[in-house]
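I opened the model to look up charged side chains, their partners and the core. My entries follow the order in which I checked them.

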Amino acid sequence: MPLLDIVAPGAVIPALKVNGKKQALQELSARAAALSGLSERVIFDTLQQREKLGSTGIGHGIAIPHGKLPKLERLFGLFA
């Protein structure tokens, strides 16, 4: 699967400035909502629920927050 099939133009945030995990998830949720047409709140809640199962952080400031959204019809990704 080509990367462009997962990451839409505009789905890259090259200089995300946040003060913590919650703010990062909020910013990512806002961008994902704008690009996907889904609810920002639903996206944020899904990411938060996944974090409660275990951190998606892998170290050195890198994390791979993710979740399953029933109304999302295809894979969707953001990079920040």
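**Entry 1: Arg41**

Does Arg41 count as buried or exposed? I found it exposed, because its relative accessibility is 52% (buried is under 20% relative accessible area, exposed over 50%, partly exposed in between, with a 1.4 Å probe and protein chains only). Arg41 lies in helix α2, which spans residues 40-53 (helices are DSSP runs of H or I with at least four residues, strands runs of E with at least two, numbered from the N terminus). I also looked up its separation from Val12: 29 residues in sequence and 20 Å in space, C-alpha to C-alpha.

**Entry 2: the model itself**

This is a predicted model, in which local features need pLDDT of at least 70 and side-chain atom pairs count only at pLDDT 80 or more, while totals for chains, interfaces and linings use all residues. Residues are numbered from 1 along each chain as its sequence is written, and side-chain values use heavy atoms, with hydrogens and water left out. The mean pLDDT of the protein is 90, and 99% of its residues reach 70 or more (pLDDT is the predictor's confidence in each residue, from 0 to 100). I noted that confidence is lowest in strand β1 (residues 7-12), with a mean of 82, and highest in α2, at 96.

**Entry 3: salt bridges**

How many salt bridges does a search of the whole structure find? It finds two (a side-chain nitrogen of Lys or Arg within 4 Å of a carboxyl oxygen of Asp or Glu). Side chains of opposite charge can pair when their charged atoms come close.

One joins Asp45 and Arg41, at 3.0 Å from N to O. The two are four residues apart in helix α2, so about one helical turn separates them. Asp45 counts as partly exposed because its relative accessibility is 28%.

The other pairs Lys21 with Glu51, whose closest N and O atoms are 3.1 Å apart. Lys21 lies in helix α1 and Glu51 in helix α2, so this pair ties together parts that are 30 residues apart in sequence. Lys21, at 48% relative accessibility, is partly exposed, while Glu51, at 12%, is buried.

**Entry 4: around Glu51**

What does Glu51 touch beyond four places in sequence? I listed Lys21, Leu25, Thr56 and Pro65 (contact means heavy atoms within 4.5 Å). The side chain of Thr56 makes a polar contact of 2.3 Å with that of Glu51 (a pair of N or O atoms within 3.5 Å; within protein, one must be able to donate a hydrogen and the other to accept it, and residues adjacent in sequence count only if both atoms are side-chain atoms).

Thr56 sits in the loop between α2 and β2 (57-59). It is buried, at 7% relative accessibility. Its contacts beyond four places in sequence include Arg50, Ala63, Ile64 and His66.

**Entry 5: the core**

Which residues make up the largest nonpolar core? I noted seven: Leu25, Ala32, Ala33, Ile43, Phe44, Leu47 and Leu69 (a nonpolar core is a set of buried Ala, Val, Leu, Ile, Met, Phe, Trp, Tyr and Cys residues joined through side-chain atoms within 4.5 Å). Helices α1 (21-36) and α2 each supply at least two residues of this core. In soluble globular proteins, nonpolar side chains tend to be buried together.

I then looked up Ile43, which touches Ser29, Ala32, Ala33, Ser36, Leu38 and Leu69, leaving out residues up to four places away in sequence.
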